Each structure stands twice: as structure tokens, then as C-alpha cells.
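Visitor: Could we go through this structure together, starting with a single side-chain pair and then moving on to the chain as a whole?

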Amino acid sequence: MNKTANINNVFDVSGRAMAAQMVRLNTIASNLANASAVAGSSEEAYRAVRPVFETKYAKNAALSGMSTIDTQGIVKLRREPEQVHMPEHPKADENGFIYTAAVSAEEEMVDMLDANRQYQNNIEVVTTVRALMMRTISMGK
Amino acid sequence: MQKIIDSLSLHASSLALRSRRNNILASNIANAATPHFKARDFNFEEALNKTQGKGTLAVTHSTHIISGNSITAELGYRQSLNPSYDGNTVELAVEQMEFSENVIRYQTSLEFLNRRISGLKSAIRGE
């Protein structure tokens, strides 16, 4: 979907919202996948990523009140990885430390539930409005 | 012909406004996770009155014509019951309730229109 295209109907609104929630679910999947990754230095260690959402208003938003959501970018969380002393690890640095990914699995799971629910809500809206449109088309028959 | 339009216009405007409100509520639901987003809505009753030429616009002379018949609605901001920490005023439960109510009322207007149309049709056919 074109990022600069205008928002004309509920399909644009909910479609983009679902796309944004999908980005969120993808970042959560990446975070969870890397939750047990280790690195040889603090800089190389994985840090959890999060999407930044912003509201995107329709061109005639003052009249129509329509707005949807856009992913502005993905940011790395400023969290320090945990230092673990494990000299026998092949990735350990000269002091015998390895650095675990700065990901909180519990936090990611809660975020996943929320993203999942938001996604479902948007599907529900589209399904309902679509049914209404179909009924409106057959008006007077 | 004016009379036929008159018999349909109330529900037609109602349908247009309900559809617009659906779009606004869909936008609110879409933005449920955006920080600082303010939920919007409009007063349906007021907007419908306006389309029927019964707006709040005051007339000072009996020959003045009240300009109505426009499908416009003044948008407001919803007051949240439990303000959230990130400045977002969308409450999913509230929006979902409003949305489902709006959908039901849309269907009601549609049903009324259908009945009117079939009534007119049978009158035209003379059955």
C-alpha cells in the first residue's frame, strides 16, 4: 500500500492499522527469537526493537474525522545487556564475560497479546462494515 | 416527486451520518495503540437535526431560509473514563460499544428505507 496515498474509507483505515500491528508482531517475533542470543561484547549484544507509531490523518480529516496509523520507524531500546561470567564460552571476551540479549520475554509476551487483540479488533471492524456495505448495495430489492 | 424524496430523506441522511460515524469510530479503533491520539466523535442527534433544516442556526426574520440539508457534523473529542499514561484517549471497550451500537442503528435505518421503498413500489404497481 502506498504510504502517501490518501485515506478514503474504512478499508484504508483498518488495513493500515493491521499492517502497523503486523510490524509490531514482527518486531516481537524478532525479539523473542533473539532472546537467548549471546554476544562477545556489549555493543554486539541484541537489544529489543520496537516500532514507533504515529497517527496519519486523512487529507479532509477536519470534516471526515478519519485517521489511521503509520509506522514511523523501528527503534532499539536503550537497555544494557546482562553481563554473565562464563569463561569457557567460545564467545567470551578476555575477562571471561558474555553478553545476553537485552530482551524481556514476559514484556514481549504481553505486548504480543495486545498487538494480537488490536489486529483482531481491526478485522472485526472491516468485516462488520463490509457486511453493512453489501446490505446497502442490495437496498430496495 | 418532491414528496417521494421527502419520505426517504430522513433515513437517507441518517444512513449517511451513521456511515460517517462508522469511519470515525474505525479510526479510533485503528489508533488505539498510538500515543497521544485523541479519540473523536460527533453528536449524532444534533447532526441529524441539522440535515433536516432544524439546526441550531437562529433565524431573525420569518422570510429567512434555514440552510440545512448538509451532511456535516462538528467533530469533538471524547472524554476518556480512565485517562491513560501515554496521552491516548481511546478506550477499546467504549469504542467497540459505540461501534456496535452504530452498526445496529445503521441496519435499522437501512431496514426502514427498504420498507419505505417496497411500500412505494407496491403503491406504484397498484397491487
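Guide: This is a predicted model. In it, the side chains of A:D111 and A:R24 form a polar contact at 3.0 Å.

Visitor: Where does A:D111 lie in chain A?
Guide: A:D111 belongs to helix 3 of chain A, which covers residues 105-137.

Visitor: And is A:D111 buried or exposed?
Guide: A:D111 is counted as buried, because its relative accessibility is 17% and the cut-off for buried is under 20%.

Visitor: Which residues does A:D111 touch, leaving out those up to four places away in sequence?
Guide: On that basis A:D111 touches A:R24, A:I28 and A:R50. A:R24 is also the partner in the polar contact described above.

Visitor: Let us turn to the whole chain. How many helices and strands does chain A have?
Guide: Chain A has three helices and five strands. Read from the N terminus, their order is α-β-β-α-β-β-β-α.

Visitor: Is chain A compact or spread out?
Guide: Chain A is more spread out than a compact globule, because its radius of gyration is 22 Å, whereas the globule rule gives 14 Å for 141 residues. Along the principal axes, the C-alpha atoms of chain A occupy a box of roughly 80 × 25 × 20 Å.

Visitor: What share of the residues of chain A counts as buried?
Guide: The buried share is 41% of the 141 residues in chain A.

Visitor: Now to chain B. Where is B:S14 found?
Guide: B:S14 is part of helix 1 of chain B, residues 2-30.

Visitor: Buried or exposed, in the case of B:S14?
Guide: B:S14 counts as buried, because its relative accessibility is 6%.

Visitor: With which side chain does the side chain of B:S14 make a polar contact?
Guide: The partner is the side chain of B:S109, at 2.7 Å.

Visitor: Which residues are in contact with B:S14, apart from neighbours within four places in sequence?
Guide: These are B:F44, B:L48 and B:S109.

Key: Residues are numbered from 1 along each chain as its sequence is written. Chains are lettered from A and ligands numbered from 1 in the order in which they are written. This is a predicted model: local features need pLDDT of at least 70, side-chain atom pairs count only at pLDDT 80 or more; totals for chains, interfaces and linings use all residues. Side-chain values use heavy atoms; hydrogens and water are left out. Helices (H or I, at least four residues) and strands (E, at least two) are DSSP runs, numbered from the N terminus. Buried means under 20% relative accessible area, exposed over 50%, partly exposed in between (1.4 Å probe, protein chains only). A polar contact is a pair of N or O atoms within 3.5 Å; within protein, one must be able to donate a hydrogen and the other to accept it, and residues adjacent in sequence count only if both atoms are side-chain atoms. Contact means heavy atoms within 4.5 Å. The radius of gyration is taken over C-alpha atoms; the globule rule is 2.2 Å times the number of residues to the power 0.38.
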